[in-house]
Amino acid sequence: CDSLPLTPNYLVQRVPQMTREAAMTLTTKLKEVGHIDPGSNMLIVDPTKSNWRNIISPSNSTHWLDQFALKPGYSPLAKA
């Protein structure tokens, strides 16, 4: 399986109810903290071993924007 860049378009296509605005917010935040390479948009940090949930949603690690489940094993974001 080839790796694909984590772009807003990728998230909109793969995550139910994902909007372009939410996808831009997510990818921008992950770039700011060094989880995504800003040039290639490839993941630098293994999401299965990182604290990405707390990074994108510091006040609620089980939901983001009151819409997207972040629970490990159930999160459409984690499965994208």
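Buried means under 20% relative accessible area, exposed over 50%, and partly exposed in between, with a 1.4 Å probe and protein chains only. This is a predicted model, in which local features need pLDDT of at least 70 and side-chain atom pairs count only at pLDDT 80 or more, while totals for chains, interfaces and linings use all residues. Residues are numbered from 1 along each chain as its sequence is written, and side-chain values use heavy atoms, with hydrogens and water left out.

Select α2 (20-32); helices here are DSSP runs of H or I with at least four residues, numbered from the N terminus. Show A22, A23, L26, T27 and L30, which are buried in α2. Seen down the helix axis, the buried residues of α2 fall within an arc of 125 degrees (taken from the directions from the axis to the C-beta atoms), so they line one face. On the other side of α2, E21 and E32 are exposed.

Next, select L43, P47, L77, A78 and A80, which lie nearest the centre of the largest pocket, among its 23 lining residues. A pocket is an open set of points on a 1 Å grid over the protein atoms alone, where a 1.4 Å probe fits, with protein on both sides within 12 Å along at least five of seven lines; lining residues have an atom within 4 Å of a point. α1 (8-14) is one of the helices that supply at least two lining residues.

Last, select W64 and F68, both buried. Ring pairs need centres within 6.5 Å; planes under 30 degrees apart count as stacked, over 60 as edge-to-face and the rest as tilted. The count comes to one aromatic pair. The W64 and F68 ring centres are 5.6 Å apart with planes at 35 degrees, so the pair is tilted.

Key:
Rings of Phe, Tyr and Trp (its six-membered ring) pair if their centres lie within 6.5 Å; planes under 30 degrees apart count as stacked, over 60 as edge-to-face and the rest as tilted.
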